[in-house]
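Hi everyone, thanks for making time for this. Please have a look at the sequence and the fold, and then we'll walk through them together.

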Amino acid sequence: MNAEQMWAAYAAGHPEAAGADYDAWAFGGDPDGLARLVLSGVKTATASAYPLYALEGEPLPEAGEYSVILDSREEAVCVIRTERVFTAPFQAVGPEQSRREGEGDRSLAYWRQVHETFFTEELAGAGLRFTPELPVVCEEFRRVWPE
């Protein structure tokens, strides 16, 4: 199923979504594994490097927005709704965020290790450097479909 088909199926049964916009995207790093964590209900948050939004001309996510999560083959996996968005320096991101992201052992130490590596590579591709002060966009969401 592609993103359009999944969105149509979701919107058909949820009048509150009628006419709403949605975005379709895959997680970086491990799109399939992370999409499975969302589908299972373990992953309810994600984080991204703030400077890349401006470089890519993308708006920051906002509460109330819908997204169709894709796998590495661009097949739709599920629909999420953003509940909360905040920005914090990398070094200030706390254990609640790492627990909600659901990766590895869900510890803050694991989150910092994996995300420092990911952000370093992602920023390098844009000619930027990682620092512990890097602003990080933290997004909390809930899976709304399949229910």
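This is a predicted model: local features need pLDDT of at least 70, side-chain atom pairs count only at pLDDT 80 or more; totals for chains, interfaces and linings use all residues.

Residues are numbered from 1 along each chain as its sequence is written, and side-chain values use heavy atoms, with hydrogens and water left out. Helices (H or I, at least four residues) and strands (E, at least two) are DSSP runs, numbered from the N terminus.

Back to His115. Because its relative accessibility is 6%, His115 counts as buried; buried means under 20% relative accessible area, exposed over 50%, and partly exposed in between, with a 1.4 Å probe and protein chains only. Setting aside residues up to four places away in sequence, His115 touches Ala47, Phe90, Glu101 and Glu103, where contact means heavy atoms within 4.5 Å.

Phe90 takes us to the core. The largest nonpolar core has 13 residues, and Phe90, Phe119, Leu123, Leu134 and Val136 have the most contacts inside it. By nonpolar core I mean a set of buried Ala, Val, Leu, Ile, Met, Phe, Trp, Tyr and Cys residues joined through side-chain atoms within 4.5 Å. Two or more residues come from each of β2 (45-49), α5 (108-124) and β5 (135-145), and α5 gives the largest share, three residues. As for Leu134, beyond its neighbours within four places in sequence, it is in contact with Ala49, Pro51, Ala88, Pro89, Phe90, Phe119 and Leu123. There is also a second, separate core of 11 residues, and Ala3, Tyr10, Ala17 and Val68 are among them. In soluble globular proteins, nonpolar side chains tend to be buried together.

Now the sheet. In what order do the five strands run? The order is β1-β3-β4-β5-β2, in an open sheet with mixed pairing. Two strands pair if DSSP finds at least two bridges between them. β1 (22-25) and β2 stand at the edges with a single partner strand each, so one side of each has no neighbour in the sheet. From one strand to the next, the twist averages 35°; axes here are lines fitted to C-alpha atoms, for helices over the stretch in contact, and angles run from 0 to 180 degrees between N-to-C directions.

Let's go through some pairs. β2 and β5 are antiparallel over five bridges, and Thr46 has Glu139 in β5 as its bridge partner. β4 and β5 are antiparallel too, over 10 bridges, with Val79 bridged to Trp145 in β5. β3 and β4 pair in the antiparallel sense over five bridges, and Leu70 has Ala76 in β4 as its partner. The hairpin of β3 and β4 has five residues between the strands, and there Glu74 takes a positive phi near 65°.

Last stop, helix α2. Packing on the sheet, α2 touches β3, β4 and β5, and its direction makes about 95° with that of β4. Ala35 lies in this helix, residues 31-40. Is Ala35 buried or exposed? Ala35 counts as buried because its relative accessibility is 2%. Apart from residues up to four places away in sequence, Ala35 touches Phe27, Ile69, Leu70 and Val77.
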